[in-house]
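User: Please walk me through this model in short steps. I will ask about the strands, a helix and the ligand shell.

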Amino acid sequence: MNNDILKVLYSQEEIQAVVNRLGREIAQTYAGKTPVVVGVLKGAIFFMTDIARAVDSYMQIDFIDVSSYHGATESSGTVELLQDINTDIEGRDVLIVEDIVDTGRTLKFLLDTFANRGAQSIKVCTLLDKPAGRAVDAESDFVGFKVPNEFVVGYGLDYDEKYRNLPYIGVLKPEIYTNN
Ligand code: 5GP
Ligand code: MG
Ligand code: MG
């Protein structure tokens, strides 16, 4: 698996340092509160478990699974809810934990969904932000790294459902795409 990586963008150590920084920022923001922290499956699983343990604050944890359809209808950008949270978020402070924000469509869907349910506040923590990919207005409050417009894998992020378990974030060799 490691042989498929062209270059490492962020090492385990760099990710850990960023997680610790975000953890401190989030703890300050929610001092005295108990936010509902919602991890977006599956890409954010590793980030979610690391960030939750880096925040010295009470919190509730939940997960949501959404899927965005690309391909021929990419511009339509339909987002489908596959598995909902089971926490009632009316009047609650919600923190969405994402792996990456690219077009922003997934995030916009989540922001709209939680706003409609009457959340008191909604903030977003994303490990990676790809501003060059943005198609709709959906911004994050806590950002780990701003990434160039390249397809990245590892630390939760997949290509064809593989590479999620790489402990670092990297770019695949071009032949991996062409051989598949
Ligand atoms: P958006 O809705 O913002 O366009 O994209 C969100 C989803 O697209 C992410 O949660 C992720 O699944 C996928 N995605 C966007 N950019 C990348 C990337 O560079 N690598 C991987 N593995 N997935 C990406
Ligand atoms: Mg995601
Ligand atoms: Mg994916």
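**Strands, helix and ligand shell**

Analyst: The model is predicted. In it, β5, α3 and β6 form a right-handed β-α-β unit.

User: How many bridges join β5 to β6?
Analyst: β5 and β6 run parallel. The number of bridges joining β5 to β6 is 8.

User: In β5, which residue is the bridge partner of Val37?
Analyst: β2 (residues 36–41) also pairs with β5, in the parallel sense. That pairing has 4 bridges. The partner of Val37 in β5 is Leu95.

User: How many residues of β5 are buried?
Analyst: β5 has 9 residues. The strand is mostly covered. The buried count is 8.

User: How far apart are the end C-alpha atoms of helix α3?
Analyst: α3 covers residues 105–116, which is 12 residues. At 1.5 Å a residue, the helix should span 16 Å. The model agrees, with its end C-alpha atoms apart by 16 Å.

User: Which strands are included in what covers the buried residues of α3?
Analyst: The buried residues of α3 are Arg105, Thr106, Leu107, Leu110, Leu111 and Phe114. Their cover includes β3 (60–68), β4 (79–83), β5 (93–101) and β6 (121–129).

User: Which residue with positive phi follows α3?
Analyst: Its phi is near 85 degrees. The residue is Gly118.

User: Which residue in β9 is the bridge partner of Tyr10?
Analyst: β1 (residues 5–10) and β9 (residues 169–172) pair over 4 bridges. Within β9, Leu172 stands opposite Ile5. The partner of Tyr10 is Ile169.

User: In β9, which residue is the bridge partner of Val152?
Analyst: β8 (residues 152–153) pairs with β9 over 2 bridges, in the antiparallel sense. The partner of Val152 is Val171.

User: How many residues around ligand 1 are charged?
Analyst: The shell has 17 residues, and the closest are Asp102, Thr103, Arg105, Thr106 and Leu157. β5, α3 and β8 each supply at least two residues of this shell. By class, 8 are nonpolar and 5 polar. The charged residues number 4.

Key:
Residues numbered from 1 in each chain as written. Chains lettered and ligands numbered in written order. Predicted model: local features only at pLDDT ≥ 70, side-chain atom pairs only at ≥ 80, totals over all residues. Expected span 1.5 Å × (residues − 1). Buried ≥ 20, exposed ≤ 12 C-beta atoms within 10 Å, placed from the backbone. Contact = placed C-beta atoms within 7 Å. Pairing = 2+ DSSP bridges. Near = placed C-beta within 6 Å. Nonpolar A, V, L, I, M, F, W, Y, C, P; charged D, E, K, R; others polar. Right-handed = clockwise from strand over helix to strand, strands pointing away.
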